Amino acid sequence: TRAKMTTVPLGFNIDAPRWDQSTFVGRLKHFLNITDPRTVLVPEEELDRAKALVEGCRAGLVPPGSSQEQLLYAKKLYDSAFHPDSGEKMNLIGRMSFQVPGGMALTGCMLQFYRTVPAVVFWQWVNQSFNAIVNYTNRNAASPISLRQIGVAYVTATGTALATAVGLNLYTKRAPPLLARWVPFAAVAAANCVNIPMMRQQEIINGVTVTDWDNNELGSSRRAAAKGIAQVVVSRITMAAPGMIILPIIMERLEKFSFMQRIRVLHGPLQVLLCGGFLLFMVPAACALFPQRCSLALADLEPELRDSIMAKHGDKMPYVYFNKGL
């Protein structure tokens with residue numbers, strides 16, 4: 001096979017970010033690239049070929065005639081479908097590239113069917129089931145979680161979402177109609193605060209692997225895990241906020257027009273499409289809020305880990321780095 005391969009173009013590093021990851025704009029371009037919902041439609045065989053091409057490029061060998069554009073496209077497919085820690089192919093529903101089609105359908109339905117308790121219960125349950133898959137898929141893969149812990153996390157988050165949604169739904173019966181439309185967002189925000197930490201509890205219990213700038217492992221830190229998970233919670237709530245806060249205001253205004261009252265059957269599909277418009281931008285924007293390769297000051301680490309690092313490296317390492325997940 002070596003005879004059929006050629007060396008990688010000089011100076012090209014497949015893993016080097018195409019855009020500056022220390023800036024929001026650079027991270028936004030990166031996530032616009034890898035959360036592209038069109039990659040969901042790419043066949044499994046093509047994803048496997050992309051992985052083989054990326055791994056070959058890392059080893060310094062690629063098929064003859066491979067252009068830089070082809071290598072970058074293979075990396076795009078690889079980043080969209082394979083876990084950054086384990087390199088394993090992620091399930092389709094859990095990929096960030098599926099957030100737009102999956103999220104728009106679920107958010108649209110939650111915003112449309114908010115008036116009755118059975119509808120609220122059903123759509124919050126479906127949404128939390130979707131969130132549990134996404135959170136498990138995008139965890140820090142270095143921290144395994146048992147089936148029992150997954151079950152407890154799922155039940156706790158779903159219970160929180162249902163309690164918030166049903167409680168607020170009953171509370172807002174006499175409130176202005178717009179407040180009732182905002183109940184799904186309150187439920188989603190509350191559930192995210194429970195679902196993500198519960199689904200990634202092993203990281204909080206055992207810590208996540210922290211490294212130096214050159215990816216040399218230094219140990220495990222629970223404080224790093226807490227920082228990464230807190231940032232993911234903020235990102236997920238931000239991802240949902242514009243669509244679930246602004247869209248109800250838009251629909252409230254639109255539904256006053258006579259033509260909208262004549263096409264009530266289209267209100268649901270319209271909300272789903274509008275949600276898609278919000279998420280198309282908000283998924284990459286929310287992912288880009290914080291660097292995926294998160295940093296933590298050496299001074300903020302657990303004392304024992306900080307002391308062991310300083311014993312080996314002195315004060316030459318002001319920060320440690322880790323993958324915060326998505």
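Let's start with a pair of charges: the side chains of aspartate 15 and lysine 75 meet in a salt bridge, at 3.9 Å from N to O. Aspartate 15 sits in the loop between strand S1 (6-7) and helix H1 (24-34), while lysine 75 belongs to helix H3 (residues 68-81), so this pair ties together parts that are 60 residues apart in sequence. Keep in mind as you look around that this is a predicted model.

How buried or exposed are the two partners? Aspartate 15 is partly exposed, because its relative accessible area is 38%. Lysine 75, with 13% relative accessibility, counts as buried; the cut-off for that is under 20%.

Lysine 76 and aspartate 36 bring their side chains together in a salt bridge of 3.0 Å, N to O. This one, too, links distant parts of the chain: lysine 76 is in helix H3 and aspartate 36 is in the loop between H1 and helix H2 (44-58), 40 residues away. Here both ends are tucked in. Lysine 76 has a relative accessible area of 12%, so it is buried, and aspartate 36 counts as buried at 9%.

How many salt bridges does the structure hold in total? The count is 12. One more is worth a look, between the side chains of glutamate 203 and arginine 200, at 2.9 Å from N to O. Glutamate 203 is buried, with a relative accessible area of 2%, and arginine 200 also counts as buried, at 2% relative accessibility.

Now for the helices, and H4 in particular. At 1.5 Å a residue, its 14 residues should span 20 Å, and its end C-alpha atoms are 19 Å apart, which agrees. If you try the sum yourself, remember that the expected span is 1.5 Å times one less than the number of residues.

Is H4 enclosed or open? Of its 14 residues, 12 are buried, so the helix is largely enclosed by the rest of the structure. The buried set is Gln99, Val100, Gly102, Gly103, Met104, Leu106, Thr107, Gly108, Cys109, Met110, Leu111 and Gln112. As for what does the covering, it includes helix H5 (117-137), helix H7 (177-181), helix H8 (183-199), helix H10 (222-254) and helix H12 (267-287).

Take H5 from that list and follow it to another partner, helix H6 (residues 147-171). Two packed helices are described by the angle between their axes and the distance between the axes. For H5 and H6, the angle is about 145 degrees and the axes are 9 Å apart. H5 passes H6 in a right-handed crossing. On the H5 side, the contact is made by Val117, Val120, Val121, Gln124, Trp125, Gln128, Ser129, Ala132 and Tyr136. H6 answers with Ile150, Tyr154, Ala157, Thr158, Ala161, Leu162, Ala165, Val166, Asn169 and Leu170. The spacing in those lists has a simple background: an α-helix has 3.6 residues a turn, so residues three or four places apart point the same way.

H12 is another of the helices covering H4, and leucine 274 has its place there. At 29% relative accessibility, leucine 274 counts as partly exposed. Setting aside neighbours within four places in sequence, leucine 274 is in contact with Leu247 and Met251. Lysine 256 is 18 residues from leucine 274 in sequence, and the two are 18 Å apart in space, C-alpha to C-alpha.

What about disulfides? The structure holds zero of them. Cysteine 287 is in none, and the nearest cysteine sulfur, that of cysteine 294, is 14 Å away. Seen from cysteine 294, the closest cysteine sulfur is the one in cysteine 287, and 14 Å is too far for a bond. Both residues are hidden: cysteine 287 counts as buried at 4% relative accessibility, and cysteine 294 is buried with a relative accessible area of 2%.

Our last stop is glutamine 292, in the loop between H12 and strand S5 (293-297). Glutamine 292 is buried, with a relative accessible area of 18%. Not counting residues up to four places away in sequence, glutamine 292 touches Phe31, Pro84, Phe322, Asn323, Lys324, Gly325 and Leu326.

Notes: Residues numbered from 1 in each chain as written. Predicted model: local features only at pLDDT ≥ 70, side-chain atom pairs only at ≥ 80, totals over all residues. Heavy atoms only, no water. Helix = DSSP H or I, 4+ residues; strand = E, 2+ residues; numbered from the N terminus. Buried < 20%, exposed > 50% of the residue type's maximum accessible area, 1.4 Å probe, protein only. Contact = heavy atoms within 4.5 Å. Disulfide = S-S within 2.5 Å. Salt bridge = Lys/Arg side-chain N within 4 Å of Asp/Glu carboxyl O. Axes fitted to C-alpha atoms, helices over the stretch in contact; angles between N-to-C directions. Left-handed = near helix turned anticlockwise from the far one by under 90°.
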